[in-house]
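This report walks a new reader through a protein chain.

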Amino acid sequence: MEKDPFNVVVTGVGGQGNVLASQLMGAMLVDKGYKVTIGETYGASQRGGSVMSHVRISGKRAYGPLMPPRSADLVIALEPTEAIRVLGQYGNPGTVSVVNTRPVYPVDVIAGDVSYPCVDLLKERITALSRKAYFVSATEMALELGNPILANIILMGAVAEAGVMAITEADLAKAITERISEKKLDINLTAFRLGRQSLIDSRI
């Protein structure tokens with residue numbers, strides 16, 4: 001890791017699988033010998049409410065589960081407005097962001113009471129708040145695989161390809177097999193590869 005501790009925020013809304021993503025990430029890094037502390041906060045308990053996980057990674061000691069403001073080294077966002085919300089509180093000039101571009105519309109937007117920002121404007125704002133920002137059509141790719149929750153694994157593949165965190169396909173295979181189910185291994189590895197390929201394609 002570039003820093004110690006290395007602070008990661010995984011954010012999204014309820015039902016997107018960001019808690020699972022943070023747990024798998026933690027498992028992969030523990031297997032590599034790091035000390036990992038995970039703290040979770042919920043804006044609302046129901047599906048659709050904000051959900052945020054703090055993942056604090058150190059080669060030296062266990063840190064408290066919640067990171068200080070302005071201390072995120074990496075933001076992994078399953079929803080673009082949630083990325084901006086987190087960057088506003090935990091971002092700093094060195095933060096790297098990996099963001100799913102698919103919006104999840106809150107109830108007040110669906111009801112027509114408020115409007116959802118233009119995605120291009122969201123991208124501009126996220127880029128301005130980050131040292132480097134990567135945008136991935138993770139939900140669309142996950143839907144092609146038959147399960148939108150795989151967007152979380154697609155984003156982890158993008159993180160790996162970006163070189164922000166030393167996680168590999170082999171690390172994920174071990175974590176999935178030991179902590180979820182070997183039956184789900186192939187589809188998750190496919191999602192991870194798609195996330196890596198999305199960044200490769202964006203550079204061409």
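## Terms and basis

A nonpolar core is a set of buried Ala, Val, Leu, Ile, Met, Phe, Trp, Tyr and Cys residues joined through side-chain atoms within 4.5 Å; buried means under 20% relative accessible area, exposed over 50%, and partly exposed in between, with a 1.4 Å probe and protein chains only. This is a predicted model, in which local features need pLDDT of at least 70 and side-chain atom pairs count only at pLDDT 80 or more, while totals for chains, interfaces and linings use all residues. Residues are numbered from 1 along each chain as its sequence is written, and side-chain values use heavy atoms, with hydrogens and water left out.

## The nonpolar cores

The largest nonpolar core holds 43 residues, and those with the most contacts inside it are V8, M25, L74, M156 and M165. Helix α6, residues 151-162, contributes the most to this core, with nine residues; helices (H or I, at least four residues) and strands (E, at least two) are DSSP runs numbered from the N terminus. Apart from this core lies another of 13 residues, including V9, M52, A83 and V86.

Once residues up to four places away in sequence are set aside, M156 touches A21, L24, M25, M28, I167, L172 and F192, where contact means heavy atoms within 4.5 Å. In helix α7, residues 169-179, the residues D171, L172, A173, A175 and I176 are buried, and the buried residues of α7 pack against α1 (18-31), α6 and α8 (185-203).

Two strands pair if DSSP finds at least two bridges between them. Eight bridges join β1 to β3 in an antiparallel arrangement, with V8 standing opposite V55 of β3, while four bridges join β1 to β4 in a parallel arrangement, with T11 standing opposite A77 of β4.

## A buried threonine

T37 lies in strand β2, residues 35-42, and counts as buried because its relative accessibility is 15%. A polar atom of the T37 side chain lies 2.9 Å from the backbone oxygen of Y63. Leaving aside neighbours within four places in sequence, T37 is in contact with H54, V55, R56, A62, Y63, G64 and P65.

## Aromatic rings

Rings of Phe, Tyr and Trp (its six-membered ring) pair if their centres lie within 6.5 Å, with planes under 30 degrees apart counting as stacked, over 60 as edge-to-face and the rest as tilted. A search of the whole structure finds one aromatic pair: the rings of Y105 and Y116 have centres 5.0 Å apart and planes at 90 degrees, so the pair is edge-to-face. Y105, at 45% relative accessibility, counts as partly exposed, whereas Y116, at 16%, counts as buried.

Most residues other than glycine have a negative phi, and most peptide bonds are trans. A cis peptide bond joins D4 and P5, with omega about 0 degrees, and P5 is found in the segment before β1 (6-13). R70, although not a glycine, has a positive phi of about 65 degrees; R70 lies in the loop between β3 (50-58) and β4 (74-77).

Note on methods:
Polar contact = N/O pair within 3.5 Å; in protein donor to acceptor, adjacent residues only side chain to side chain.
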